[in-house]
Amino acid sequence: MSTDTFERPSDMAAPANPDDPFLIVEDLTVKFPTHDGLVQAVTDLSYTVERGKTLGIVGESGSGKSVSSMAVLGLHDPKHTRLSGSIRVNGQEVIGAPEDHMRKIRGNSIAMIFQDALTALHPFYTIGDQISEGYRIHHRVSKSDAKKRAIEMLDRVGIPQANRRVDDYPHQFSGGMRQRAMIAMALVNDPQLLIADEPTTALDVTVQAQILDLLQDLQREFNSAVIIITHDLGVVAELADTTMVMYGGRAVEYGATREILTHPEMPYSWGLLGSIPDVSTDAEARLVPIPGNPPSLLNPPTGCSFHPRCPHVDKVPGDLCRTTLPDLTPGDRGDNHLKRCHLANPGEIYAVEVLPEIAPDLIDPETGEMIPELAAVDPDEV
Amino acid sequence: MTGFIVRRILSSILVVILTSMFVFVLFFKGLGDSPAVNYCEKLGPGKCTTAKLDSIKHQMGFDKSLASNYATWAKGIFVGRDKVYVDGKEYECPAPCLGISIMTGNTVTHDLKQKYPATLTLAVGGATMYLVLGVLLGSLAARWRGTLADRLLVGSSLIVSSVPFYLVALLAWIYLSLQLKIFPETGYYPISENPAKTISWMMLPWLVIGLTNCTSYARFTRGQMVETLNEDYIRTAQAKGVKTNRVLFKHALRAAIVPVITIFGLDFATLLAGTIFTERIFSIDGIGNWGLTALSTPIDINVVSATVLVSAILVVVANLLVDILYSFLDPRVSIA
């Protein structure tokens, strides 16, 4: 099954270095001009995803997670969007690429799974029609061959009696099956990059786990790069090799998932960790919501965009949080862990002030310090 | 599915029966025995004696009760009537008997059969034109929403809908037919004899109906399309690499067309029941014009009842068809 059906336009024939990451995003900025002003959805975002690896993008609604990945597929209406920076897919620049070129990438080398499969699938076409349509766009095959492929894919994602269910409409599927069908549709052309935008948010917990397992299996099988967009840190812990935390359209923390989850260095990440309920831990553990609302993208706050909600602003001298935007720089723990925060000693504040409140069982009651072995808890169990 | 259709057909029949009753009762009560009196007075001075009038009333059934008159009329539709008296003459009226037309002295059924092809041709052509034009313009306006072309369409639809229809039809006839002679002849030419002539005669009325009605369809389609284009499944189609035109006309239009078809079914039924202005202005000998003529004194009551009955049946059938069609258009709707 060849996926190389898209031709590289000659004017951007940059030979892809096979060692380079499959996706390189550099200084991506996405702005939407509106009647009320310019919405700064994504600002100076940079990340890479390698083949066979998974990047988790975490953040609340409006943090720019989805907007940035839609840009990778060039799905923003150029008339109503201002894009700058660079997105290179397999060495080829996507920003400014002609529509014809983008259409050959979409659904072919890059595929996307959307959040709510009920609304993301066309209600009036059968599941089989929708999967085989995607296949036939990028492969010259007959309708019956495409249908066979659709059945094969449905079978692969675990739909029982796929040859019968292929003729069902989306509303005849259960929520979990719809999401499986959605995944089958995304994988029909063996994409090298799969972007999953909140793939489990609309599902109940048992089905969530099944879908995540399925995604993991498929990734191993196809060695594709995966971006998983979520606000659920559990999903990130389960799937992602690297994690990027986004806030107000910017990356605020970026590094190996285990690092980010065990030694977060940015107060917003602490807030995210503090707001996860966990039935297995100490009853003393408090569920701490992040105060306030997501920032306005029309009039972003000055300085660090998190400062209006940050309880640690006072610890930074000279009103720096309100006046100066911190850079995304390596923290105390090396170059593989970037954070955007003025705090000088985030590790200490996390261990002393934050952890005892959100996870008292990780603190040694004698010394009042973080238990080292527990602190380095396996990310799979977070 | 079958159960639903049977239930709907039964309730449709009930609606038709009730409509026929209302029409019959209202006119019978309203006009009373005036048809008998009118005829009696026409006999000449001194000839309309009380005995004569009574015998005319008896002939025409005015001495019987309302219910028995309705029963005779309704029964006639199914089995026909042997003797029907109009103006002292005796007529035979085979089933389906809707009475005798005073204007022509023919059975109403005979006249209806003669007039209906013109109305049918006008309605089918006009409706096709406004549906196709409206949906096409509306889809394109949705695609280019916010542009000058889109605003022109929305603006022109406001203008068109604020000009009375008869004015448009009249001006079109005066200028395009009478003055410029682009469409030298209008009217209905029997389609079985010369279809080309039928088309050329009907083209102007079709265009007038099509163009005046298409703007509202364009606006409605545009609204539905704009809404549909914001749906998640449109983004999914784009993310699959589907071409823009296919996204528009296959994915979006497929969903947006459903409510348009619903409205269309009812509008089409109205057209089928006859268009008075269009038929009158373009001298089309259809049932709209026929019904209008029947209203001049003395009122040709049987013709009026027949046109009302035909309209009622058409609207009821159109409703039924739209409901059944809906379940085919939208697989989520199960009417079992």
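## Confidence

The model as a whole scores ipTM 0.83 and pTM 0.81.

This is a predicted model, where local features need pLDDT of at least 70, side-chain atom pairs count only at pLDDT 80 or more, and totals for chains, interfaces and linings use all residues. Residues are numbered from 1 along each chain as its sequence is written, while chains are lettered from A and ligands numbered from 1 in the order in which they are written.

## The sheet in chain A

Chain A has an open antiparallel sheet of 4 strands, ordered S2-S1-S4-S5. Strands here are DSSP E runs of at least two residues, helices are H or I runs of at least four, and both are numbered from the N terminus; two strands pair if DSSP finds at least two bridges between them. The edges are S2 (37-49) and S5 (92-93) of chain A, each pairing on one side only.

S4(A), residues 82-89, runs antiparallel to S5(A), and 2 bridges join them. Over in S5(A), Glu93(A) sits opposite Arg88(A).

Counting contacts as C-beta atoms, placed from the backbone, within 7 Å, chain A puts in 22 residues and chain B 17. On the chain A side, the elements giving two or more residues are H2 (99-105), H3 (117-120) and H4 (127-138). H4(A) gives the most, with 4 residues.

Conventions:
Contact = placed C-beta atoms within 7 Å.
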